[in-house]
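Please look through the sequence and the structure shown here before reading on. The report that follows goes from single side chains to the chain as a whole.

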Amino acid sequence: MSGESASAIQKGQVDLLDFIDWSGVECLNQSSTHSLPNALKQGYREDDGLHLDSDADEQLLLYIPFTQVIKLHSILVKGPEEEGPKTVKLFSNKEHMGFSNVNDYPPSDMAVLTPDNLKGKPVLVKYVKFQNVRSLTIFIEDNQTGSEITKVQKIMLYGSTVETTDMKGLKKIEDH
């Protein structure tokens, strides 16, 4: 991910929340009282009192499948200045990853989040690597100060759906 950010989300890019397949969403090492929906779901993520916490250590591994193929443009990860995420690795279409094998694969992209990012400045991803995304795995490797717990207040994914032709919607052209 480039250090530059999308000052304004580009035209045509939408919040991909409506395309998340909630039945398949997973988060490894999340606190039982401060879980992933607090940072990802509409309404919850806008509440500053709610957040996602890591549990045993500072690492978090999120798996987000989509209901249709998407193109990912940018990601927003908001968190507190000290316990907010620092190193974030993104993996496109990698299923069944765990902490034991997360380093076996090169990430599709990676970012080191700045204080500006943690306050809500989106980070652009390498768009060419995220053109045909069925699922996204987000590995939060560490936090800003090396503390035991990482806190995430909000995660937003921006992009677009991959347009597919609906064959049923096509009408036969009649001969005149």
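## An aromatic pair

F139 is buried, with a relative accessible area of 1%. The model, which is a predicted one, holds one aromatic pair, and this pair is formed by F99 and F139 in an edge-to-face arrangement, with 6.3 Å from centre to centre and 65 degrees between the planes. Because F99 lies in the loop between strand 5 (87-92) and strand 6 (109-112) while F139 belongs to strand 8 (residues 133-140), the pair ties together parts that are 40 residues apart in sequence.

## Salt bridges

Side chains of opposite charge can pair when their charged atoms come close. In this model the count of salt bridges comes to six. One of them is between K151 and D53, whose side chains meet at 3.9 Å, N to O; since K151 lies in strand 9 (residues 151-152) and D53 in strand 3 (residues 52-53), this pair ties together parts that are 98 residues apart in sequence. K151 counts as partly exposed at 23% relative accessibility, whereas D53, at 7%, counts as buried.

K89 and E141 also meet in a salt bridge, at 3.5 Å, N to O. Here K89 lies in strand 5 and E141 in the loop between strand 8 and strand 9, so the parts tied together are 52 residues apart in sequence, and K89 counts as buried at 13% relative accessibility. In a further salt bridge, the closest N and O atoms of D109 and K126 are 4.0 Å apart; D109 lies in strand 6 and K126 in the loop between strand 7 (123-124) and strand 8, so this pair ties together parts that are 17 residues apart in sequence. D109 is buried, with a relative accessible area of 2%, while K126 is partly exposed, with 44%.

## Strand 10 and its partners

Strand 10 (residues 154-161) is mostly covered, as eight of its eight residues are buried. Strand 4 (residues 60-78) pairs with strand 10 in the antiparallel sense over eight bridges, and I70 stands opposite T161 in strand 10. Strand 1 (residues 14-15) also pairs with strand 10 in the antiparallel sense, over two bridges, with G159 of strand 10 as the bridge partner of V14.

## Two asparagines with positive phi

N29, found in the loop between strand 2 (26-28) and helix 1 (37-40), has a positive phi near 70 degrees, although this residue is not a glycine. N93, whose place is in the loop between strand 5 and strand 6, likewise has a positive phi, of about 60 degrees, without being a glycine. N29 counts as buried at 17% relative accessibility, whereas N93 counts as partly exposed at 25%.

## The chain as a whole

The chain has two helices and ten strands, which run from the N terminus as β-β-α-β-β-β-β-α-β-β-β-β. Of its 176 residues, 43% count as buried, and the accessible surface of the chain comes to about 9,700 Å², of which 48% belongs to carbon and sulfur atoms. Among contacts between residues at least 6 apart in sequence, 81% join residues at least 24 apart.

Note on methods. Residues numbered from 1 in each chain as written. Predicted model: local features only at pLDDT ≥ 70, side-chain atom pairs only at ≥ 80, totals over all residues. Heavy atoms only, no water. Helix = DSSP H or I, 4+ residues; strand = E, 2+ residues; numbered from the N terminus. Buried < 20%, exposed > 50% of the residue type's maximum accessible area, 1.4 Å probe, protein only. Contact = heavy atoms within 4.5 Å. Areas by Shrake-Rupley, 256 points an atom, 1.4 Å probe, with all protein chains shown as cover. Pairing = 2+ DSSP bridges. Phe/Tyr/Trp six-rings, centres within 6.5 Å; stacked < 30°, edge-to-face > 60°.
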